[in-house]
Amino acid sequence: MIYDVSMLIHDKMQVYKNKEDKRPIFKNALNHIDNQVHETNLYINLHTGTHVDYPLHMIDKGDTSDSESLLELIGSCKVLDLTELDSKITINDLKKYPIEEDDFLFFKTKNSLSEEFLHDFVYLDKEAAQYLKDKKIRGVGTDGLGIERSQPNHETHKILLSNGIIIIEGLRLKDIIEKEYEMICLPLKIKSVEASLARVILMD
């Protein structure tokens, strides 16, 4: 079975803090009325919908998409059901799970239950990020449009990205049950950027 856990991109989709300047803009470039072909231009922020963050996003002179390894984005993935949480994911929430070195973890939270942007979206706090760093995991995926909120200096991002831990944001996990899957995450092949839109699927 294949599960597409990516967000659908359209002009009315949820975007971070509902900011209008973050909404994708579709513009018809050519059409069949005046031409023999139909083409569309798309103006889009690279942090729209389901996307991968690279270190440059939060770290000055950090690595970009040029450092990406698809070997890190294809493989086993553990989905953790944390839908009972109201605010944030803490160390105590994570200690309930047998997290091992090289794990890739997807966090299913209340964020997946809403198609509207939640200003109080569930996030990973900095202590939990440090715990995952110490566990030497491979990556994390969240169903929020950010891995954190309301933390000064973006500690969660920096702890993860400075230690080679991949961050995928904007997943859709409403219909995904808690267990281990095979994951394929394929970001767009864009040179030297701090983030890239991605299509993510799970297979069991």
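1. A residue is termed buried under 20% relative accessible area, exposed over 50%, and partly exposed in between. The structure discussed here is a predicted model. At 22% relative accessibility, tyrosine 3 therefore counts as partly exposed, whereas tyrosine 181, at 3%, counts as buried.

2. The ring centres of tyrosine 3 and tyrosine 181 are 6.0 Å apart and the planes stand at 85°, so the pair is edge-to-face. Distant parts of the chain are linked in this way: tyrosine 3 belongs to strand 1 (residues 2-4) and tyrosine 181 to strand 11 (residues 180-187), 178 residues apart. Elsewhere, one aromatic cluster is formed by Tyr16, Phe117 and Phe121.

3. Phenylalanine 121 also has a charged residue over its face: arginine 149, at 5.8 Å from the ring centre. Arginine 149 is placed in the loop between strand 9 (139-142) and helix 3 (155-161). Its side chain reaches the backbone oxygen of phenylalanine 121 at 2.6 Å, and a polar atom of that side chain lies 3.4 Å from the backbone oxygen of aspartate 120. Leaving aside neighbours within four places in sequence, the contacts of arginine 149 are Ser87, His119, Asp120, Phe121 and Tyr123.

4. Lysine 110 counts as buried at 18% relative accessibility, while aspartate 120, at 39%, counts as partly exposed.

5. The count of salt bridges comes to 11. One of them joins lysine 78 and glutamate 100, whose closest N and O atoms are 3.9 Å apart. Lysine 78 is in strand 5 and glutamate 100 in the loop between helix 1 (91-94) and strand 7 (104-108), 22 residues apart. Lysine 78 counts as buried, at 18% relative accessibility; glutamate 100, at 48%, counts as partly exposed.

6. A further salt bridge is that of aspartate 204 with lysine 179, the closest N and O atoms being 3.0 Å apart. Since aspartate 204 lies in the segment after strand 12 and lysine 179 in the loop between strand 10 (166-169) and strand 11, the pair ties together parts that are 25 residues apart in sequence. Aspartate 204 is partly exposed at 44% relative accessibility, and lysine 179 is partly exposed at 34%. Through shared partners, salt bridges also join Lys78, Glu100 and Asp103 into one network.

7. Glutamate 68 is in the loop between strand 4 (51-53) and strand 5 (74-81) and is partly exposed, at 27%. Its side chain makes a polar contact with the side chain of tyrosine 54 at 2.2 Å. Not counting residues up to four places away in sequence, glutamate 68 touches Tyr54, Leu73 and Pro187.

8. Most residues other than glycine have a negative phi. Asparagine 18, in the loop between strand 1 and strand 2 (25-30), has a positive phi of about 55°. Serine 192, in the loop between strand 11 and strand 12 (195-203), likewise has a positive phi, near 55°. Asparagine 18 is partly exposed at 33%, and serine 192 is partly exposed at 37%.

Note on methods
Residues numbered from 1 in each chain as written. Predicted model: local features only at pLDDT ≥ 70, side-chain atom pairs only at ≥ 80, totals over all residues. Heavy atoms only, no water. Phe/Tyr/Trp six-rings, centres within 6.5 Å; stacked < 30°, edge-to-face > 60°. Helix = DSSP H or I, 4+ residues; strand = E, 2+ residues; numbered from the N terminus. Buried < 20%, exposed > 50% of the residue type's maximum accessible area, 1.4 Å probe, protein only. Lys NZ or Arg CZ within 6 Å of the ring centre and 35° of its normal. Polar contact = N/O pair within 3.5 Å; in protein donor to acceptor, adjacent residues only side chain to side chain. Contact = heavy atoms within 4.5 Å. Salt bridge = Lys/Arg side-chain N within 4 Å of Asp/Glu carboxyl O.
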